[in-house]
Amino acid sequence: MAYSHQSDGREPSASYAPAAALDTLKRYFGYSSFRPGQERMVSAILSGCDALGVMPTGAGKSICYQVPALMLPGLNLVVSPLVSLMADQVSALKAAGARPSYLNSTLTPAQQNTVLKRASEGWYQIMYVAPERLADPRFLAFARAAAGPGGIGIPLVAVDEAHCVSQWGQDFRPSYLEIASFVAALPQRPVLAAFTATATERVRADISTMLGLRAPQTVTTGFDRPNLYFEVQELGDKAKAAWVRDYVRSHAQESGIVYCATRKKVDELAQDLMHELAPLGVRVGHYHAGLSIEERRVNQEGFITDAIPVIVAKNAFGMGIDKPNVRYVIHLNAPESIEAYYQEAGRAGRDGDPAGCVLLWNGADFNLRRRLIDRDPGDVELDEGQREQAKRNRFRLLSQMEGYCRTTDCLRAYILRYFGEDERDREGASPAPAGARGCGNCSNCLTPFEADDVTEAARAIMRFVSRHPGRFGKALIADVLHGANTERIRSLRLDSDSEYGKLAELPIARVRDTVEQLIGSGYLTVSMGQYPVIGMGDLGLAALNSPEEFAFSIKRRKRGRAGSERARRAVDLLRDEAALDSKPRIGDDAELFERLRALRRELAEWRDVPPYIVCSDKTLRGLCRQRPATREELLEVSGIGERKADEFGEAFLKAISEFEDEHRG
Ligand code: ADP
Ligand code: ZN
């Protein structure tokens, strides 16, 4: 009766058995406990409640719907916009011993027929579909029959990337609006579970309303990714390229992504790096929409299979890739929003091991972005008002991105504040290391700063702005205060302003910094648009009204940056981990690791899947450390479930025992 439909409806709360959920997690995925948040999502879904999971990339969202889907009788639907990710998810589930499927435009009509036929026979436990599919009359007819009397049942509709339903976010997709009507059209309402990695308060509210969630159990695991090291560097264009060359050279054995804003930059930088790394025998790939499909496929596949460690790409690269062992993500240009940045940077370190996220930027990045937003005609599916709104949003999001680049406070705290999170109310939050300032794992927390009292300069700047509110941009303001002798200043007659040249004795960089930090602290405001102008903030007005109470200092980096090397190599991690166990070992773990890594590659090639589908680096390290000799011991290694033990267990056990034989005595 495994696939029978329960026509008597769901019995709330009765169906949730924690032990059964844990058993499913262990059997299919080889994990012995749920992560924070996963358990609450799983239990809500299994007891028939709608649920909303707000979890950062890498938190383990898929487990939250996959475990219930493997337990609930019937066909569980997963709506995902990432067509390229579906095949990958399906391979991973198959390798775990489940019966998954997907339905999207990459399948031929004949293949689609077969999938639907097998689905209606109750063969699949999970089906991934693109949102557009929900409006397809044929699919709707199939789903109505499945959810109706005598059908196989649709117990769950899980919506991935649920923020796409909101016009406040970055990736609004009108087809997401169909989800609510699709669900409403089913004869029996399934449980609805929505997942997103990028939701501010406003987007969260939208998800609930637009998807029609009913009293959802909301689980926010916190956006913090403690294993990610964040760094921001303001560099000129030449210095950026040199920086990337150095970094990539010193991480040549690791997997990393370098994002650039334009195709041209991608090509240039990739050339440059190829030149640099070829003598070391390291391949560099590149990826953008201007390449042929074949080139893109070769590059992407090389990256996934670890044959090409470094890829230089436009920002969309990685959308459909679930590669867990990306050790660094470098941005050569500032992205358009914190959401976009966190999503892209978040592709590093999904496996939970230390990884680095470095953003290189300069003012030109923002000028370029502002121009692009201004020129973009907008989504044709939106009406005039919606387009205007979308543009305003984009400018607002961009200015928050700029704030990230310029802040001298903890970068992690900035991101978490952006996502509306107080550092203390996170589930599973880890405290900062003792003695460290802030999070202890970002460039601002690790860089020594010195305070510089600029109260007088700040007053002069604010006096000037208060006389010309909303008229000038920040570069011009700094120039006037510094006393520049330019055509523009003369023609505006600003050279006769009483503040002209008031700050001539300060370096121009300091004047600009003061303007920036007055903006960053809310004393001054910036308008949106391609040519942003500066106005007075409430704090600034108050400061001018009671000058005696006002004091302002800015932070400056002390010379010499804290050397911070946070992206670690697999063998280093292995050594650290080995130092913690007392188990006597035969032969060097690192050597065994390389051997198992090669074996994994062979197993993967033979099955035609990426190596990480066979198992993660972390699981390989577990094998090296635990040295299982039997199937039971093998199942204790995190990441090895029943199916993987059946399929690959023998090969791994054999490799380990051979290795030990060679090194014994
Ligand atoms: P997300 O979809 O939120 O980005 P994934 O579902 O891809 O995250 O999970 C990220 C990584 O964490 C994967 O490698 C996954 O296998 C691993 N993972 C998820 N849940 C657990 C767990 N309970 N125990 C150990 N590892 C887990
Ligand atoms: Zn920090």
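## Zinc and ligand sites in a predicted model

Four cysteines hold the zinc ion (ligand 2): Cys 410, Cys 439, Cys 442 and Cys 445 each donate an SG atom, 2.3 to 2.4 Å from the metal. Donors here are N, O and S atoms within 2.8 Å of the metal (3.2 Å for Na, K and Ca), and water isn't among the atoms, so sites may look incomplete. Keep in mind that this is a predicted model, where local features need pLDDT of at least 70, side-chain atom pairs count only at pLDDT 80 or more, and totals for chains, interfaces and linings use all residues. Residues are numbered from 1 along each chain, ligands are numbered from 1 in the order written, and side-chain values use heavy atoms, without hydrogens or water.

**The zinc site**
- The site is tetrahedral, with angles of 99 to 120° among its 4 donor atoms (for that label, all angles must lie between 85 and 135 degrees).
- Along the chain, the zinc donors follow the spacing C-x28-C-x2-C-x2-C.
- Cys 410 sits in the loop between helices H14 (384-406) and H15 (411-418), and Cys 439 in the loop between H15 and H16 (443-446), so the pair ties together parts 29 residues apart in sequence.
- Helices are DSSP runs (H or I, at least four residues), numbered from the N terminus.
- Both Cys 410 and Cys 439 are buried (under 20% relative accessible area, 1.4 Å probe, protein chains only).

**Around ligand 1**
- The side chain of Tyr 31 puts an N or O atom 2.5 Å from an oxygen of ligand 1.
- Gln 38 has a side-chain N or O atom 2.8 Å from a nitrogen of ligand 1.
- Gly 60 uses its backbone instead: an N or O atom there lies 3.0 Å from a ligand 1 oxygen.

Note on methods:
Polar contact = N/O pair within 3.5 Å; in protein donor to acceptor, adjacent residues only side chain to side chain. Tetrahedral: all angles 85-135°; square planar, octahedral: opposite > 155°, others 65-115°. Helix = DSSP H or I, 4+ residues; strand = E, 2+ residues; numbered from the N terminus. Buried < 20%, exposed > 50% of the residue type's maximum accessible area, 1.4 Å probe, protein only.
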